[in-house]
Amino acid sequence: SKTATFREGSFALCGLHDADWSLKADATREGEFGHVALESVRPGETPLDLVLETWPCFDVQVVVVGRDGTPLDFRVGVSSLQGGSSAVAGSGAAVLPGVHAGTWSVTVVAPGFGKHEETVELSSSADVLRFSLDPIEPVRGRVVDPDGRPVAGALVSEGYGRGQPVTTSPDGSFELLAEDGGLHLSATLPGFAPSELLRLVHTGK
């Protein structure tokens with residue numbers, strides 16, 4: 001579907017087939033956030049009047065550090081159960097703009113520290129979102145041939161293209177970080193058939 005917004009808050013949705021649709025609208029203006037949601041909306045019905053429920057907007061500080069207190073480079077995104085979203089990137093600390101009081105789902109990503117998700121309650125600009133993250137433990141292994149002999153120079157990679165591949169050492173060993181909950185590993189080397197895809201789950205311990 002396509003959306004066109006005109007003066008004085010009017011809008012048009014185009015390209016909808018004849019069915020029941022869910023309609024949501026978000027808006028910000030002069031320090032306020034507004035949201036409305038309608039169910040079972042059908043194309044061609046009488047023009048809708050959407051009345052936004054509004055909340056005051058404010059900014060909150062985000063602090064992301066390692067367990068030892070070292071500031072981390074990070075990205076954080078939030079989405080509200082009441083509607084609305086915001087995002088920011090920073091190093092150690094940053095200001096997350098345009099949030100409102102309510103329940104928010106927060107996702108924090110820091111290189112080498114993986115992804116952290118939680119639900120928080122925000123009430124005012126005095127709130128501070130502080131996260132202390134544990135580093136990702138590496139996955140260590142060894143690539144061998146069918147006779148059990150180590151294979152040097154094999155390229156070990158995440159099977160779905162995440163992260164940088166690594167090359168096995170002379171004894172066939174390798175080390176990778178298990179980002180985002182786990183790895184699907186494969187190994188390749190000219191002269192050998194590709195290995196089967198091996199799934200490893202990272203528990204954070």
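**Contacts and charges**

Modeller: Let's start with S86: leaving out residues up to four places away in sequence, S86 touches V76, G77, V78, L96, P97 and V99. Contact here means heavy atoms within 4.5 Å.

Colleague: What should I know about the source and numbering?

Modeller: This is a predicted model: local features need pLDDT of at least 70, side-chain atom pairs count only at pLDDT 80 or more, and totals for chains, interfaces and linings use all residues. Residues are numbered from 1 along each chain as its sequence is written, and side-chain values use heavy atoms, with hydrogens and water left out.

Colleague: Back to S86. Which strand is S86 in?

Modeller: Strand β7, residues 85–91. Strands are DSSP runs of E, at least two residues, numbered from the N terminus.

Colleague: Is S86 buried or exposed?

Modeller: S86 is buried, at 12% relative accessibility. The cut-offs: buried is under 20% relative accessible area, exposed is over 50%, and partly exposed is in between, with a 1.4 Å probe and protein chains only.

Colleague: What does the side chain of S86 reach?

Modeller: The backbone oxygen of P97, at 2.6 Å.

Colleague: Switching to charges. How many salt bridges are there?

Modeller: The count comes to 6. A salt bridge is a side-chain nitrogen of Lys or Arg within 4 Å of a carboxyl oxygen of Asp or Glu.

Colleague: Give me one. What does D18 pair with?

Modeller: D18 forms a salt bridge with R42, with the closest N and O atoms 2.8 Å apart. D18 lies in the loop between β2 and β3 (21–29), and R42 in the loop between β4 (32–41) and β5 (53–66), so the pair ties together parts that are 24 residues apart in sequence.

Colleague: And how accessible is D18?

Modeller: D18 is exposed, with a relative accessible area of 60%. R42 is partly exposed, at 31%.

Colleague: Which other salt bridge does R42 make, the one with D20?

Modeller: The side chains of D20 and R42 meet at 2.8 Å, N to O. D20 is in the loop between β2 and β3 and R42 in the loop between β4 and β5, 22 residues apart. D20 is partly exposed, with a relative accessible area of 49%.

Colleague: What about R67?

Modeller: R67 forms a salt bridge with D134, the closest N and O atoms being 2.9 Å apart. R67 sits in the loop between β5 and β6 (73–80) and D134 in the loop between β11 (128–133) and β12 (138–142), so this pair ties together parts 67 residues apart in sequence. R67 is exposed, with a relative accessible area of 56%, whereas D134 is partly exposed at 42%.

Colleague: New topic: D127. Where does D127 lie?

Modeller: In the loop between β10 (114–122) and β11.

Colleague: What does the D127 side chain reach, then?

Modeller: The backbone nitrogen of S124, at 3.0 Å. D127 also touches V60, Q61, E121 and L122, not counting residues up to four places away in sequence.

Conventions. Helices (H or I, at least four residues) and strands (E, at least two) are DSSP runs, numbered from the N terminus. A polar contact is a pair of N or O atoms within 3.5 Å; within protein, one must be able to donate a hydrogen and the other to accept it, and residues adjacent in sequence count only if both atoms are side-chain atoms.
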